Each structure stands twice: as C-alpha cells, then as structure tokens.
Amino acid sequence: MSTPIYELALGADFARLQPELQEYFSLTPGSGHYGVGEGVFEVVGCRQAWLRPLLRLAAGEESFFPEYGEGIRFRIENHAHLDPFGRSSLTARREIFFPDTTRLFHDTTSFDGSGSRHGLVDYVGRYRRLVTDLNLGVTAGGRLRGVSEASRLFLGPLRIPLPAALDAKAYAEQWWAPEEGTTGKHRIQVKVIQPQLGLVLVYAGHFDYRLEPYPGGLSAPGYLPDRAQPDRWEARS
C-alpha cells in the first residue's frame, strides 16, 4: 500500500497539514526506511502522586507508567509495515529515559477499511489488549489533532467495550515549530484524562526527526524489527 495511513484517514485534509508534518506521517510499508525522533519532554508522566501506585500495577503493559519528570530525554522509532493480518500499520516504539529507569511505551496504529469503521484504530501496550478509535482533525494552522474514542479491552476471547464513565481519552496535538532551534523542531503534547481520576498521563516536548535505512536494505512490506514487535497481535478492532 503506497498511501500513508494518516492520509487515508484524513483524505483531502492531509494536504492542509504543515509540510513537515506531511513528511513525518508519510512512511509507508516497504519503503526500506524508518523514522527516528530524539528530543526532550518538558513534562512527562503522572502528576498525581496518589495515582502512581495504581499505574505501577499497569507498568508491565508498557503503556502507562508511574514516574513523573521534567526535562526528560526520549527517543521514538516509527515503523510502517503490514501487520500479520494485512492491514497497513504504523508501530511507534518510545523510550523515555527517567533518571532511575527507562520506560517503554509503544503502540500500533492500523487502518481499518471495513464499512463499519473505516478509519484508524490504535492498539496500545506490549500485548495490544487496549484498542481505541482515533478521531483526527487538522487545525487552521496545519497542526494535527487527535482524540481517542470508544476504547475496548480484549481479554482472551472477550471483547469488553469501556463505558464512557470508565474510559480514558487521549487528546493529542502535533505540529512543527519553525522558531525553535536553528532549523525548527517537531512538537507534541498529549493528555490522557479519565472522568473519575482526572489527568492520568501527560507528555509534552520537542524533538528532531530523521529517516534511517533498515540494515541490509530490507524493504519487505511486512518487516518489523524484533525490538518493535509486540508480545501478541490482535486481529479484532
């Protein structure tokens, strides 16, 4: 598939994104390259100290984590590929370098072209047990905005939709800041809010981004490095 999944989801609005964002979201399966971003989060983690013990229980999922910090280095890899079920996907692997530990946070965003959904779905964590629909939009200034909606859990054969009172929504915005540094920087900010608990997770920061070739010129559409592979895949959406 030669069309990036974010372009499939946004349609004509993709052309309204800042040119740097269009380039960032233009990876496709089989290109032979992956994206690498390195930068600093001004803030990252859970600000509410009373909530951190609960998040520690979920840290093994490699999606939520109990730490909080400011001025924290991070690295992200973006890999475009076909998942085992043939869906065009983008897997992101994030490393967050807290002073006492390194946390992994990764997900796979896939394009679902079925008539019932037709859009992006995001599978979160090392076991891909949590999945949400992504509702995307483009601001007047060309920034990308996204909101996660209609989450569900997959526990064995069970598919459990989360009611609105329990569901946590992620509000994300990404843009290019030409005024930062000598040549500009990418910026991102994300807030995860749960109705009963409030702000569960926040991260906001800036990074530089580049494309790297896969070793040996690998360009198979289904290729995904071992370090970015989840412990399991989920076919359901």
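A pocket, found on a 1 Å grid over the protein atoms alone, is an open set of points where a 1.4 Å probe fits, with protein on both sides within 12 Å along at least five of seven lines; lining residues have an atom within 4 Å of a point. Its volume is the space filled by probe spheres set on the points, which are joined across faces, edges and corners.

This is a predicted model, where local features need pLDDT of at least 70 and side-chain atom pairs 80 or more, while totals for chains, interfaces and linings use all residues. Residues are numbered from 1 along each chain as its sequence is written, and side-chain values use heavy atoms, without hydrogens and water.

The second largest pocket has a volume of about 190 Å³. Its lining has 13 residues, and those nearest the centre are His 118, Gly 119, Leu 120, Leu 134 and Asn 135. Helix H1 (5-10), S6 and S7 each give two or more residues to that lining; helices are DSSP runs of H or I of at least four residues, strands runs of E of at least two, numbered from the N terminus. The most come from S7, with four.

Now to strand S6, residues 119-124.

Strands pair if DSSP finds at least two bridges between them. S6 pairs antiparallel with S5 (residues 102-112) over six bridges, and Asp 107 is opposite Val 124. With S7 (residues 130-138), S6 runs antiparallel over five bridges; there, Asp 122 has Thr 132 as its partner.
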